Amino acid sequence: MRTYAYILTCLALLMSFSLSAQNNTSSPYSRFGYGELNDNVPGAFRALGGVGTGMRDKRVINPSQPASYSVVDSTTFMFDLGMSAMWSNYGDATGTRNKGNGNLEYLTLQMPFFWKYIGFSVGILPYSMVGYDLSDSIASVPHPYKKTYSGLGGITQVYGGLSFNIMNWVAVGANVYYMFGKVNNNRTLTFSQGSIASTSQQAVLHVSDVRFRYGLQVFHTFADKHSFVLGATFENKSKLRADYTQVETITFDTAFVTNDGFDLPMMYSVGASYTFDNRLTVGADYTMTDWANVRYMGETGAFRSRMKISVGAEYCHNPYGKKYVERMPFRLGFNISDSYVKSISAKDFSVALGMGFPLRNVATVINTTLEYGHRGAAPALQENYLKLTINAAISENWFFKRKL
């Protein structure tokens, strides 16, 4: 009964998560397209620069690579809850400003499915986030005015994934995602002279659709100390079921764009990792997302293809050591990527440091990651941020019979 009670509790949390979680961004870059995208890398791997495709770890639920679920132990139930806080500095020709925000980010579960070498995972993850509030005043014209831009919302995804081993060295898997959410973008033009009417525009994008991701991993251990993993993932291009409504208040004009106007991009990634003696792990990923050929508002050309390269390393002196510090994993990583927004040409990059704090009495690790990132370039808008991510990765041996 204890097992079913925990599972029902976790499922209830999954259902309530989407109702309670708030946007975790205040970036002006979230104004464009579907918003600020999330790569759905678990907290432990964010300190590795966001690698995931070639990672296969019994201690980590890795929803970015569905082939990894089969690594779960046949008696283990896993639960991962992540949250973050972010401090950002934005600068442009008009000056600088600071913003801070944070909240829950993701919730994932993983367990064996029927028998050994088959793993199942379910969870709720952000796909994109929107949250910004900007203004620009022009006084040196015959009719001074102020422009205000604000946005709120995002796209959330509930996923379920299944993975199994074909042989002792090949695993395949797939995720199915149900995507839902609403993105609100608002613009207001206000004149200083009361005789000139102000105008505003509200645009709402409502999403409700299903998509799939497929994963493959090839892995082997040599001489009991050297482990290699090669991985790949793929998502096909698909139509996005979405409704777009735009309303101009001054003229009361309304524009609609429905299901045939939006796409989700084709995506593929390749990655590799090497582990020595369960102490040192290094990994690298390359991801390409073909945003250049998707439709947005019924037309192609609004976006450009996004490339991302991630590299990271983790060191744990002795996972079974008597001293606490010997069992702590230390992590370092970085990544560089393009923005999928066509008008932003500068590269994004980030570096991260992290460590894990294993609890003494249960198989649980509290992972912390501190990430510094930079987006954009002067004199246009640029952003520097510090992001602290904390996640609790809980593992319990549930699926076995105790002997009396």
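**Rings and strands in a predicted model**

Biologist: Which residues form one aromatic cluster?
Modeller: This is a predicted model. One aromatic cluster brings together six names, and these are Tyr34, Phe262, Trp291, Tyr296, Phe303 and Tyr340.

Biologist: How many aromatic pairs does the count come to?
Modeller: Ring centres must lie within 6.5 Å to pair. By this rule, the count comes to 14.

Biologist: Are the rings of Phe228 and Tyr274 stacked, edge-to-face or tilted?
Modeller: Their centres are 5.0 Å apart. Stacked needs planes under 30 degrees apart, and edge-to-face needs over 60. The planes of Phe228 and Tyr274 stand at 40°, so the pair is tilted.

Biologist: Which strands hold Phe228 and Tyr274?
Modeller: The pair links distant parts of the chain, 46 residues apart. Phe228 is in strand S8 and Tyr274 is in strand S13.

Biologist: Is Phe228 buried, partly exposed or exposed?
Modeller: Buried means under 20% relative accessible area, and exposed means over 50%. Phe228 has 39%, so Phe228 is partly exposed.

Biologist: How many residues apart in sequence are the parts that Phe303 and Tyr340 tie together?
Modeller: Phe303 lies in the loop between S14 and S15. Tyr340 lies in the loop between S16 and strand S17. The pair therefore ties together parts whose separation in sequence, in residues, is 37.

Biologist: How many bridges join S15 to strand S16?
Modeller: S15 and S16 run antiparallel. Ala313 stands opposite Leu332 in S16. The number of bridges joining S15 to S16 is 8.

Note on methods. Residues are numbered from 1 along each chain as its sequence is written. This is a predicted model: local features need pLDDT of at least 70, side-chain atom pairs count only at pLDDT 80 or more; totals for chains, interfaces and linings use all residues. Side-chain values use heavy atoms; hydrogens and water are left out. Two strands pair if DSSP finds at least two bridges between them. Helices (H or I, at least four residues) and strands (E, at least two) are DSSP runs, numbered from the N terminus. Buried means under 20% relative accessible area, exposed over 50%, partly exposed in between (1.4 Å probe, protein chains only).
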